[in-house]
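Please keep the sequence and the model at hand while reading.

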Amino acid sequence: MDFQAEDAINWFSKMTNKVVINKQYLTALDTQIGDGDHGDNIAKGFTAVSKLLHHAKKEDITTTAQVFRRSAMVLLMTVSGASGILYATAFLRMASVFEKKNRIDHSAFTEAISEAVEGIKERGNVEYGEKTLLDVWIDLVELFQSSEEFPQASLIEQSARRAMNKTKTSIAMKGKAALYEEHSLGHIDPGAASTYYFFASLAEVCEEKQNGRIC
Ligand SMILES: [Mg+2]
């Protein structure tokens, strides 16, 4: 089975639930090494995304590419700060890969998240290990690249969790967190935490499919 528009909608709906439930936690992380708005921003953005996708048919959103492209536009309109731009950039890059594919199998999906990484690197001028959401994306891309098919749901969740926790051990090099220099050590990056919820949501979508795999 391939990855389909309904899987993407389910994915974003799970993401919305997680960031709404954990809004205060995300904001608390951002209060420690930032300006304390990440929970509010990301919850507001994904709530708006879910509202749009709830009316997907009426809104003429029928393909996976459209789910990603239209959600990116909503995030750009509703989320202030760098995280909205970076999530939107990732989604737009994924959409442009999906638009070229007749079916989204493991290889197409891996290509899409690899493109998302390139987009985040360019747009955020950020590299691996700088304590940002990119760290989680890159570890996930490596997991997908090292596998011949969609990784097991539990592996996706664990890999994202490990990447998020690893941001505790690095010094922030980008954004407001960088002002904290070595004081940023020991803190999880808030963008990495919301990105963990994003991939944990994907893992749940996989869990619901046959054998815990999308395809
Ligand atoms: Mg912030």
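What follows covers helix packing, the nonpolar core and selected loop residues.

The model is predicted: local features need pLDDT of at least 70, side-chain atom pairs count only at pLDDT 80 or more, and totals for chains, interfaces and linings use all residues. Residues are numbered from 1 along each chain as its sequence is written.

**Helices α2 and α9**

Helices are DSSP runs (H or I, at least four residues), numbered from the N terminus. Helix α2 covers residues 23-33 and helix α9 covers residues 190-208; their axes come within 8 Å and cross at roughly 155°. Axes are lines fitted to C-alpha atoms, for helices over the stretch in contact, and angles run from 0 to 180 degrees between N-to-C directions. The pair α2 and α9 is therefore roughly antiparallel, a label for angles over 145 degrees. On the α2 side the contact uses L26, L29 and D30; on the α9 side it uses P190, A193 and S194. Contact means that C-beta atoms, placed from the backbone, lie within 7 Å. By class, four of the residues in the contact of α2 with α9 are nonpolar, one is polar and one is charged. Nonpolar here means Ala, Val, Leu, Ile, Met, Phe, Trp, Tyr, Cys and Pro; Asp, Glu, Lys and Arg are charged, and the others, Gly among them, are polar.

Helix α9 is mostly covered, with 15 of its 19 residues buried. Buried means 20 or more other C-beta atoms within 10 Å of the residue's own; exposed means 12 or fewer, and partly exposed lies in between. The end C-alpha atoms of α9 are 27 Å apart, which agrees with the 27 Å that 19 residues should span at 1.5 Å a residue. The expected span is 1.5 Å times one less than the number of residues.

Which residues have the most contacts inside the largest nonpolar core? They are F68, F91, M94, V136 and F199, in a core of 62 residues. Such a core is a set of buried Ala, Val, Leu, Ile, Met, Phe, Trp, Tyr and Cys residues joined through C-beta atoms within 7 Å. Leaving out residues up to four places away in sequence, V136 touches A160, A163, M164, A192, T195, Y196 and F199.

Helix α3 (residues 38-54) has buried residues including F46, V49 and L53. The buried residues of α3 pack against α1, α2, α4, α5 and α9. S71 is in helix α4. With 28 C-beta neighbours inside 10 Å, S71 counts as buried. S71 touches F12, V49 and F91, again not counting residues up to four places away. From S71 to L53 the C-alpha distance is 8.1 Å, across 18 residues of sequence.

**Loop residues**

| Residue | C-beta neighbours inside 10 Å | Class |
|---|---|---|
| N125 | 9 | exposed |
| E181 | 11 | exposed |
| E99 | 13 | partly exposed |

N125 sits between α6 and α7. Its phi is positive, about 50°, although N125 is not a glycine. E181 sits between α8 and α9. Phi of E181 is also positive, near 45°, in a residue other than glycine.

E99 lies between α5 and α6. The C-alpha atoms of E99 and T64 are separated by 8.3 Å, at 35 residues apart along the chain. N22 is in the loop between α1 and α2. N22 and E149 are 127 residues apart in sequence and 31 Å apart, C-alpha to C-alpha.

Technical notes:
Helix = DSSP H or I, 4+ residues; strand = E, 2+ residues; numbered from the N terminus. Parallel < 35°, antiparallel > 145°, perpendicular 65-115°, else oblique. Contact = placed C-beta atoms within 7 Å.
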